[in-house]
Amino acid sequence: DDIIGYLYLGWEKAAHSSVAPRSAAETFLTSLGSALAADIDRALRFKESQQRQRNLERMNTMMSTLNETYTLLKILDIGLEQALLIAEMDRGAIYLWDDREQCLTLRAHHDFRAEGGEPPEVVSGQESLIGEAFAVREVRVDRACALEPEQDHAHVCLPLIANDQAVGVMSLQAGYCCALTPVTSQFLRTITYQLALAVQRGQLTSQMHDQVETLHYLYQMSAAFVSQVSTPNVIFILLRMLTDVVEGVLAAGFYRYEEVWLRTRVYVPPMASPQLRARWHAGQSWPGESVLLDACWQGRQSVRVGQSPASTPALEVEIKALGAEEMIYLPLSLPNQEAFGVVGALLDASRSLKSHELILTSAIIQQASAALSRAQLYEASRESEIQMQAILESSADGLFLVGNDLSIRYINSQAQRLLAIGDVHADWEGHSLPELIAAVRHTSRGLADYMVELTRNIWEMPSEARPNFKTQQNRILKLQHWAVDAEHEQCQGALFVLRDVTEQQALERMRDDILHMLVHDMRNPLSVLKNALECLRDPQMRDSSEEVIEIATGNADRLLNLVNQILEIGKLEADRFELRYDALILSDHVRRLLSRFAFPNQGRLKVAVDIPQTLQPLWGDDTVIVRIFENLLNNALKFIPEKEGRICITAREKGAWVEVVVFNNGPPIEPETYSRLFQKFSPGSSEKRGYGLGLAFCRLAVEAHGGKIWAENLEDGVAFFFTLPTVDAADL
């Protein structure tokens with residue numbers, strides 16, 4: 001009973017005929033129309049069935065493809081292609097809603113030709129059919145028919161709605177006038193619903209992908225920052241992370257306030273433009289940039305050029321000269337809220353950062369802040385460790401630290417030298433104390449046994465009386481140790497101090513010897529003086545007063561000479577002894593000295609002098625040089641044989657110096673005495689010992705003239721060498 005169409009017939013009336021009878025014709029035409037209607041209905045139903053079948057196949061194909069696809073762009077392309085086939089239209093586009101920009105943005109389009117115009121990139125509000133369809137969530141159709149085919153068109157907009165949420169709009173267009181059948185409309189609604197679900201799934205997948213990528217970057221970032229303990233390296237990684245991870249960042253730089261704002265470090269990617277690489281470098285900040293840096297630093301918040309009222313046109317010109325559009329400043333603070341500096345990033349466009357970019361940027365800044373704090377703590381602790389190690393290494397005492405497990409935590413080079421346990425650069429740290437004791441046993445068994453006894457109860461303080469131990473190197477060592485406590489009085493180990501008391505022992509012996517000699521030698525003159533004074537009081541001794549006075553004067557001179565020697569050496573050591581320089585003929589001075597020198601009445605004593613008269617004159621203090629010769633002659637008289645003693649004085653020129661040799665045929669100098677030969681209060685091992693003042697005076701006096709003095713053992717005796725300067729030609 002449905003009318004599916006109309007059949008129009010017309011004929012021309014003949015002039016000679018009357019009106020044709022209508023009954024037969026109408027009957028025929030009615031039958032013909034019924035038959036034709038049945039045929040057309042069957043054909044339309046068959047075509048509709050075929051179209052439905054094709055659409056169902058397309059739906060199944062689309063659904064299976066969408067179920068296997070998680071990429072948002074591919075989902076949009078598949079859905080748009082199938083919708084155009086079902087609607088039998090020639091071009092279309094899909095717009096998705098952007099929450100951040102609050103507008104519909106073009107995400108996919110198909111078969112837009114130049115003559116049809118490109119689809120708009122952004123659609124906002126209800127100004128167009130697309131915006132209206134999204135706003136009211138209903139299908140919107142625009143269809144126009146005209147006599148000329150090129151003016152016909154059809155446009156339908158279908159909102160993408162899933163779970164009562166509009167996610168976008170699908171726009172289908174045709175360059176001709178066409179209408180959507182109810183079946184086609186139903187299929188398109190089904191497609192848009194399934195497509196909206198797939199879009200939501202694709203968006204979730206994209207978000208998950210961004211999150212996974214963000215987590216991946218965060219892991220890489222954490223690993224990169226954790227492995228760095230240097231502040232410059234941390235800053236370099238920070239700048240590179242911002243440039244590589246955040247989209248749109250062309251380059252980055254680090255600013256530090258040092259009375260003025262300085263760009264202390266920059267990073268430019270390898271693929272950056274030549275103008276960016278040429279102009280983006282470290283140095284002083286741009287004019288007008290310090291105001292933004294101050295605002296970022298003091299406010300502890302990001303600042304963007306262009307969005308800040310403090311921005312200047314000159315600063316924007318500098319940024320555009322680098323090929324960038326905008327710049328953002330990010331504060332970099334340490335965990336203790338101390339401002340460390342500002343990071344500047346050049347952006348290729350004036351846009352807001354995406355959510356995952358904001359997360360990454362914030363994470364990079366936080367990770368860099370923590371890494372900088374660790375780096376500063378490490379650098380400070382490393383500097384303290386270096387200073388402490390330098391202090392311990394410069395100690396004259398040997399130090400080594402033993403832990404609770406008897407492992408050696410630290411040992412300085414002096415301890416290794418004193419213990420003679422190998423190369424001073426050997427790595428003993430980490431070895432056990434028993435291993436160290438085993439190595440010490442080769443040089444000092446007594447010290448090793450003492451250390452073994454200490455290890456039985458290493459945490460108790462030993463008695464005050466600590467023995468001394470002699471090593472194979474003739475060193476005398478004293479070992480002390482203390483328990484090392486940490487917080488809450490927890491014992492962390494024991495510190496051992498090894499002290500070389502060899503010189504101390506020698507000085508103590510020397511002190512006793514010197515004290516004995518001084519007391520003995522001063523006692524005799526004082527006794528003589530006292531006896532002389534008592535004799536002068538005796539009336540019976542008045543006839544011998546002159547002889548008594550002479551004896552008293554001689555002994556007083558001996559005491560005065562001893563005191564003067566000590567005072568003169570003290571002045572030379574303190575550099576307070578004034579030399580009175582003059583040109584001296586050495587041969588004349590030595591001959592005059594020998595003529596008045598009081599040689600003892602020794603048998604067969606021979607004194608020889610070999611000093612050329614043509615020798616270049618000396619430049620020195622006459623009195624001091626005479627004292628040098630007197631001390632060397634007195635020293636020689638102590639050691640030459642009682643019979644057939646021999647002393648020889650020679651001199652030769654050597655450049656601007658004269659080398660003098662005073663030889664005696666006494667016994668050789670012993671090795672242990674040689675190192676202390678020219679030290680005061682350092683007597684030799686011979687029975688004829690003095691106070692060591694004569695040779696000490698000679699050393700200080702020669703060095704005051706700029707010369708050197710030394711002694712050598714020869715085959716038949718001992719020779720003392722010293723050098724004195726000659727007179728310059730101009731002075732002469």
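**Exercise 1. In this predicted model, find what share of the contacts with a separation of 6 or more joins residues 24 or more positions apart.**

Solution. Take the contacts in the protein with a separation of 6 or more; 60% of them are between residues 24 or more positions apart. For the setting, the protein has 732 residues, and 39% of them are buried. Its secondary structure consists of 18 helices and 24 strands. The accessible surface comes to about 42500 Å², with 52% of it belonging to carbon and sulfur atoms.

**Exercise 2. Describe the largest nonpolar core and name the elements that supply it.**

Solution. Step one is the size: this core has 40 residues. Step two is its centre of contacts: Leu586, Phe629, Phe720 and Phe722 have the most contacts inside the core. Step three is the origin of the residues. At least two each come from helices H15 (586-596), H16 (622-639) and H18 (693-704), and from strands E21 (646-654), E22 (657-664), E23 (709-714) and E24 (717-725). H16 gives the most, with nine residues. Apart from this core lies another, of 33 residues, which includes Met59, Val156, Ala162 and Cys178.

**Exercise 3. List residues that phenylalanine 720 touches, leaving out those up to four places away in sequence.**

Solution. Among the residues touched by Phe720 are Leu632, Val660, Val661, Val662, Ile669, Leu677, Phe678, Leu695, Trp710 and Ala711. Asn635 and Asn664 also belong to the list.

**Exercise 4. Decide how the buried residues of H15 are arranged around the helix axis.**

Solution. First, collect the buried residues of H15: Leu586, Ser587, His589, Val590, Leu593 and Leu594. Next, look down the axis: these residues fall within an arc of 165°, so they line one face of the helix. Then check the face turned away from the buried side, where the exposed residues Ser595 and Arg596 are found. Finally, ask what covers the buried residues of H15. The cover includes strands E18 (581-584), E19 (606-610) and E20 (618-621), together with H16, E21 and E22.

Key. Residues are numbered from 1 along each chain as its sequence is written. This is a predicted model: local features need pLDDT of at least 70, side-chain atom pairs count only at pLDDT 80 or more; totals for chains, interfaces and linings use all residues. Side-chain values use heavy atoms; hydrogens and water are left out. A nonpolar core is a set of buried Ala, Val, Leu, Ile, Met, Phe, Trp, Tyr and Cys residues joined through side-chain atoms within 4.5 Å. Buried means under 20% relative accessible area, exposed over 50%, partly exposed in between (1.4 Å probe, protein chains only). Helices (H or I, at least four residues) and strands (E, at least two) are DSSP runs, numbered from the N terminus. Contact means heavy atoms within 4.5 Å. Accessible areas come from the Shrake-Rupley method with a 1.4 Å probe; for residues, only the protein chains shown count as cover. The arc is that of the directions from the helix axis to the C-beta atoms.
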